[in-house]
Amino acid sequence: MPPSEVPRSVTRPHGLPPDPVRDAGFPAVEQLRRGIVLNFVAHSFWLTSHEPVFQMDWEDDTCFEDNIQGEHLAVSFPEGGAVAVFYSTESSRNPFPEGSAPYDQSWFFRSMPRRLEPARDRALAQMYDLDFRCRNPSGAVITAAMWADGERFTAVEPWEDVYDNSGWALQTHLLPPEIALQEWWQGMGFPDALKWAAWSLYERRLASTAPVIPAERREWQAFVEAARGNPRRAIAAEGFLALVGITLDPFIVR
């Protein structure tokens, strides 16, 4: 897929409201990292009363999200930078449909500093290749990518093109955190009276340099309430919270 063949973003029709994320330009690394942490915290509450309808993981410095609707995100956060890759079935760059243009993953990483290649490979290892296998970085399929050699992301193409070909992945993660939490909370159907607990965990996690922080008793009680009063069901949140360095001990009942 030579640069001349890479689809450009489509001009938004006149009259549509502005998109604050699309219009803001390339984000800071810390902005995306915090958005991902908030997403993990918010969705830990979902697991107290519902079956998972998404896949999320965070191992060492690399996280992965799959909304089970054909859109994936993987980000690796090495010291002093980051590499983020995206796949969306809705992108015109999706190489899976029959008759698609030849796929060239390397185009997305032209001009990326070589020191970021290991992080790139860790992120790509989370994505599917053309045979629907993971752990094949060189064959992984993506529709957008960006990297940061420092505090802010950049890419081989303008931000608008990265955003338009990343699907849902950046739409909420890069909102101001109060707005992002509100959108996730409304989508999950939890009462606003419990939202404070997710915000409290998020703020305390960001404020601490400890590898793991414990939930407070009042936060634990919010999980129990989200689990309709069942402490054993509230334990379902433990796995997601552990991925971002939060523990429910000593409140959990085995």
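Ala-215 sits in the loop between strand 6 (213-214) and helix 6. Helices (H or I, at least four residues) and strands (E, at least two) are DSSP runs, numbered from the N terminus. Ala-215 counts as buried, because its relative accessibility is 5%. Buried means under 20% relative accessible area, exposed over 50%, and partly exposed in between (1.4 Å probe, protein chains only).

This is a predicted model, in which local features need pLDDT of at least 70, side-chain atom pairs count only at pLDDT 80 or more, and totals for chains, interfaces and linings use all residues. Residues are numbered from 1 along each chain as its sequence is written, and side-chain values use heavy atoms, with hydrogens and water left out.

**Around Ala-215**

- Leaving aside neighbours within four places in sequence, Ala-215 is in contact with Leu-201, Arg-204, Thr-247, Leu-248 and Phe-251. Contact means heavy atoms within 4.5 Å.
- Ala-215 and Ala-197 are 18 residues apart along the chain, and their C-alpha atoms are separated by 9.6 Å.
- Pro-250 lies in the segment after strand 7 (246-247). The peptide bond from Asp-249 to Pro-250 is cis, with omega near 5°.

**Helix 5 and helix 6**

- Helix 5 (residues 195-207) packs against helix 6 (residues 217-226) at an angle of about 135°, and the axes are 9 Å apart. Helix 5 is therefore oblique to helix 6.
- Axes are lines fitted to C-alpha atoms, for helices over the stretch in contact, and angles run from 0 to 180 degrees between N-to-C directions. Angles under 35 degrees count as roughly parallel, over 145 as roughly antiparallel, 65 to 115 as roughly perpendicular and the rest as oblique.
- The crossing of helix 5 and helix 6 is left-handed. A left-handed crossing has the near helix turned anticlockwise from the far one by less than a right angle; clockwise makes it right-handed.
- Helix 5 contributes Trp-196, Ala-197, Ser-200, Leu-201 and Arg-204 to the contact, and helix 6 contributes Arg-218, Glu-219, Ala-222 and Phe-223.
- The residues of this contact between helix 5 and helix 6 are five nonpolar, one polar and three charged. Ala, Val, Leu, Ile, Met, Phe, Trp, Tyr, Cys and Pro count as nonpolar, Asp, Glu, Lys and Arg as charged, and the others, Gly among them, as polar.

**Helix 1 and helix 4**

- The axes of helix 1 (residues 29-46) and helix 4 (residues 177-188) come within 10 Å and cross at roughly 25°. Helix 1 is therefore roughly parallel to helix 4.
- Helix 1 and helix 4 cross in a right-handed way.
- From helix 1, Gly-35, Leu-38, Asn-39, Ala-42, His-43, Phe-45 and Trp-46 meet Pro-177, Ala-180, Leu-181, Trp-184, Trp-185 and Met-188 of helix 4.
- The contact of helix 1 with helix 4 has 10 nonpolar, three polar and no charged residues.

- Ser-88 lies in strand 4 (residues 82-88). Ser-88 counts as buried, because its relative accessibility is 2%.
- The Ser-88 side chain reaches the backbone nitrogen of Glu-90 at 3.1 Å.
- Not counting residues up to four places away in sequence, Ser-88 touches Gly-70, Glu-71, Asn-94, Thr-143, Asn-165, Ser-166 and Gly-167.
- Asn-165 is in the loop between helix 3 (159-164) and helix 4. With 7% relative accessibility, Asn-165 counts as buried.
- The side chains of Asn-165 and Ser-91 are joined by a polar contact of 2.6 Å. A polar contact is a pair of N or O atoms within 3.5 Å; within protein, one must be able to donate a hydrogen and the other to accept it, and residues adjacent in sequence count only if both atoms are side-chain atoms.
- Beyond residues up to four places away in sequence, Asn-165 touches Ser-88, Ser-91, Ser-92, Arg-93, Thr-143 and Ala-144.

**Leu-174**

- Leu-174 also lies in the loop between helix 3 and helix 4. Leu-174 is buried, with a relative accessible area of 6%.
- Leu-174 touches Val-21, Pro-27, Gln-31, Leu-32 and Trp-159, not counting residues up to four places away in sequence.

**Positive phi in loops**

- Asp-60 is in the loop between strand 1 (55-59) and strand 2 (62-66). Its phi is near 55°, a positive value in a residue other than glycine. Asp-60 is exposed, at 73% relative accessible area.
- Arg-135 is in the loop between helix 2 (117-124) and strand 5 (144-148). Phi of Arg-135 is near 65°, a positive value in a residue other than glycine. Arg-135 counts as exposed, at 55% relative accessibility.
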